[in-house]
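Open your viewer and get ready to click along. Each stop on this tour tells you what to select and what you will find there.

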Amino acid sequence: MKIGEVSLLTNDVIRLADFYKKLLETDNDSNDEVHQTIISEETMLTIYNDGTEKNNQNQNICLAFTVDDIESEYKKVLALGAEIIEPPTKRPWGAVNMSFYDPDNNIIYLRSFSE
C-alpha cells in the first residue's frame, strides 16, 4: 500500500496553491478555486476546498520536504513572507532542518541531508 495523495483542506485554494507553486517552483496552469494538484508525481500534493469552513488551527499534521540547498530555500521562504518557526538548524544525526507556517498555519519542514 502507498500513500497516493496528501491534500491540504483550505478556505482559499488560490492563495494556498499560489504559495506552494512559488515554494516548490512549479506551475500547474490552474486557477481553479475548488481543487488544484500541485505535485502529481509519486505522492500527489493537492489543495482542496470541500465547502466546509476551516479554522486554520492545524496542530496534528505537518509536511516535510527534502531539499538540496537549505540556505537558498530558507531565503525563498523568507521572501514569500512565511512566519519562521525555526531557522535552519543542524541536528545531531546530521540533517539540517527548518520549519515555518504556510498561509493556513500548516507546519512545514524543509530538511537537507549531508552527503
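## Stop 1: Helix H2

This is a predicted model. In helix H2, select Ile70, Glu73, Tyr74, Lys76 and Val77, which are the buried residues of that helix. Look along the axis of H2: these residues sit on the same side of the helix, because the arc they cover is only 160°.

Now select what lies over them: the cover of the buried residues of H2 includes H1, strand S5 (83–90), S6 and S7. Then turn to the face of H2 that points away from the buried side, and you will find the exposed residues Lys75 and Ala79.

## Stop 2: The largest nonpolar core

Which residues of the largest nonpolar core touch the most other members? Select Tyr20, Ile47, Phe100 and Leu110: these are the ones, in a core of 22 residues. At least two core residues come from each of these elements: helix H1 (13–23), strand S3 (44–48), strand S4 (62–66), helix H2 (70–79), strand S6 (95–101) and strand S7 (107–113).

Leaving out residues up to four places away in sequence, Leu110 touches Phe65, Val67, Ile70, Glu73, Val77, Val96, Asn97, Met98 and Phe100. Among them are Ile70, Glu73 and Val77, which you met as buried residues of H2.

## Stop 3

Is Glu25 buried or exposed? Its relative accessibility is 64%, and exposed means over 50%, so Glu25 counts as exposed. Check its backbone too: the phi of Glu25 is near 50°, a positive value in a residue other than glycine.

With a relative accessible area of 71%, Asp29 is exposed.

## Stop 4

Together, Leu9, Val34 and Tyr48 make a nonpolar surface patch of about 240 Å². Where does Leu9 sit? You will find Leu9 in strand S1 (residues 5–9). Its relative accessible area is 39%, so Leu9 is partly exposed.

Methods
Residues numbered from 1 in each chain as written. Predicted model: local features only at pLDDT ≥ 70, side-chain atom pairs only at ≥ 80, totals over all residues. Heavy atoms only, no water. Patch = residues over 30% accessible without salt bridge, like charges linked within 9 Å, V, L, I, M, F, W, Y side chains within 5 Å. Areas by Shrake-Rupley, 256 points an atom, 1.4 Å probe, with all protein chains shown as cover. Salt bridge = Lys/Arg side-chain N within 4 Å of Asp/Glu carboxyl O. Helix = DSSP H or I, 4+ residues; strand = E, 2+ residues; numbered from the N terminus. Buried < 20%, exposed > 50% of the residue type's maximum accessible area, 1.4 Å probe, protein only. Core = buried A, V, L, I, M, F, W, Y, C linked by side-chain atoms within 4.5 Å. Contact = heavy atoms within 4.5 Å. Arc of directions from axis to C-beta.
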